[in-house]
Structures are given as C-alpha cells and as structure tokens.
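Here's a friendly tour of one protein model. Have a look at the picture first, then read on.

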Amino acid sequence: MKNPRTLKDFENDPRVSSIHQETHDQTDYWIYLNWPYNCELMDCPSIHEHTLKDCSDVFKSVVLDYEYWIFDTFIPEKPKHLDIKETYQLTLDDYEKQIEYKNKMRNYKRSVSKSINECLNHARAKKDQKSINRLFAIGHELSANDRFLPTREWIAKHS
C-alpha cells in the first residue's frame with residue numbers, strides 16, 4: 001500500500017481512523033489508526049508528530065499487529081496462578097481462593113478466545129496465512145498452559 005504524504009492522503013488511507021490537529025506554538029498532528037494496525041516506532045495505534053513529512057516517515061512502520069491488540073487492549077490482566085497443594089482437606093479459605101481463581105481463569109480464557117477469534121476472522125478475510133498460524137500458536141499455548149503469558153520476545157520468536 002502506498003505511503004500517505006498529504007493530509008488528504010492520510011484521510012483517505014484505510015489504515016487511518018481519524019486525524020487531529022493541535023495548534024499551540026506550532027501545529028502538531030495526531031493520526032489514529034484503525035484496528036488492527038499498530039505503529040511499531042510509537043508502539044501504539046497512533047502517530048504524533050510536528051509535520052506531515054515526519055508523520056509520513058513514521059507511517060512507514062505501520063503494520064498489522066494482532067498481538068498488540070489482543071494483549072494490550074482486548075484482554076484483562078491474567079490472574080496469578082495459585083500454588084495451593086491439592087489435598088483431600090483444604091481449608092475453607094483455600095477452597096474459596098481456588099474457586100475464585102477458576103472463575104477468573106474461565107473469564108480470562110473466554111476473553112482470550114473471543115479476541116483471537118476476532119483477529120483470526122480478520123486475518124482470514126485478508127488471506128494472511130502467517131498471522132493465522134501465529135494466532136493459532138498463541139491460542140494453543142494459552143489453552144494448554146494456565147501459566148503461559150506471552151511476552152514480546154515469545155511473539156517475535158513465533159512471528
């Protein structure tokens with residue numbers, strides 16, 4: 001896709017959600033990206049620069065980034081794993097903590113599943129097999145291991 005250079009180019013680009021101009025001592029441009037795009041240089045779905053040329057230069061780093069949206073936006077924080085020993089006689093307090101943890105994990109897994117499915121549907125529509133494979137790998141790891149929490153390094157390794 002061609003890199004936008006003018007304000008009109010940015011307004012017509014399908015990756016751009018909206019544009020905002022601030023004028024104080026000088027004009028600043030804020031460019032907000034549509035889901036699931038992310039600016040790798042800014043590490044967020046927006047660009048803030050002083051000139052349109054700078055915005056255009058930074059815009060070259062805009063990529064489809066499903067992982068950013070899944071882990072930084074869609075999903076609540078993963079519940080901490082409980083280290084309660086499974087015995088026949090649990091205290092009432094431990095039992096309540098265990099039930100609460102299981103409920104939080106169930107809700108977390110539902111949220112993860114919903115987010116990954118939204119991203120998978122988008123990747124399928126774009127015929128992006130690399131993203132589909134990566135999303136399946138994340139989904140598999142998350143469902144197979146309650147203690148798994150992907151880091152940027154893990155995501156980069158599996159990209």
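## Salt bridges

Asp 13 and Arg 15 come together through their side chains in a salt bridge, 2.8 Å from N to O. The term stands for a side-chain nitrogen of Lys or Arg within 4 Å of a carboxyl oxygen of Asp or Glu. Asp 13 and Arg 15 are both buried, and buried here means under 20% relative accessible area, with exposed meaning over 50% and partly exposed in between (1.4 Å probe, protein chains only). Before we go on, note that this is a predicted model: local features need pLDDT of at least 70, side-chain atom pairs count only at pLDDT 80 or more, and totals for chains, interfaces and linings use all residues. Residues are numbered from 1 along each chain as its sequence is written, and side-chain values use heavy atoms, leaving out hydrogens and water.

The salt bridge count comes to 6. Another of them joins Lys 53 to Asp 57, with 3.3 Å between the closest N and O atoms. Both sit in helix α2 (residues 52-59), 4 residues apart, which is about one turn of the helix. Lys 53 is exposed at 58% relative accessible area, whereas Asp 57 is partly exposed at 33%.

## The overall layout

Let's step back to the whole chain. It has 6 helices and 5 strands, where helices (H or I, at least four residues) and strands (E, at least two) are DSSP runs numbered from the N terminus. Starting at the N terminus, the order of elements is α-β-β-β-β-α-β-α-α-α-α. Of the 159 residues, 36% are buried.

## The sheet

Three strands make an open sheet: 3 strands in the order β1-β2-β4, paired antiparallel. Which strands stand at the edges? They are β1 (16-23) and β4 (46-49); each has a single partner strand, so one side of each has no neighbour in the sheet. From one strand to the next, the twist averages 15°, an angle between N-to-C directions on a scale from 0 to 180 degrees, with axes as lines fitted to C-alpha atoms (for helices, over the stretch in contact).

Two strands count as paired if DSSP finds at least two bridges between them, and β2 and β4 have 4 bridges in the antiparallel sense. Look for Tyr 32, which stands opposite Ser 46 in β4.

## Aromatic pairs

There are 4 aromatic pairs. In one, Trp 30 and Tyr 32 are stacked, 6.1 Å centre to centre with 10° between the planes. Rings of Phe, Tyr and Trp (its six-membered ring) pair if their centres lie within 6.5 Å; planes under 30 degrees apart are stacked, over 60 edge-to-face, and the rest tilted. Trp 30 is partly exposed at 24%, and Tyr 32 is partly exposed at 32%.

Trp 35 and Tyr 66 have ring centres 6.5 Å apart and planes at 65°, so this pair is edge-to-face. The two are 31 residues apart and link distant parts of the chain: Trp 35 is in the loop between β2 (27-33) and β3 (37-39), and Tyr 66 is in helix α3 (residues 66-74). Trp 35 is partly exposed at 28%, while Tyr 66 is buried at 0%.

## Along helix α4

Glu 100 and Lys 104 both lie in helix α4, 4 residues apart. They form a salt bridge, with the closest N and O atoms 3.2 Å apart.
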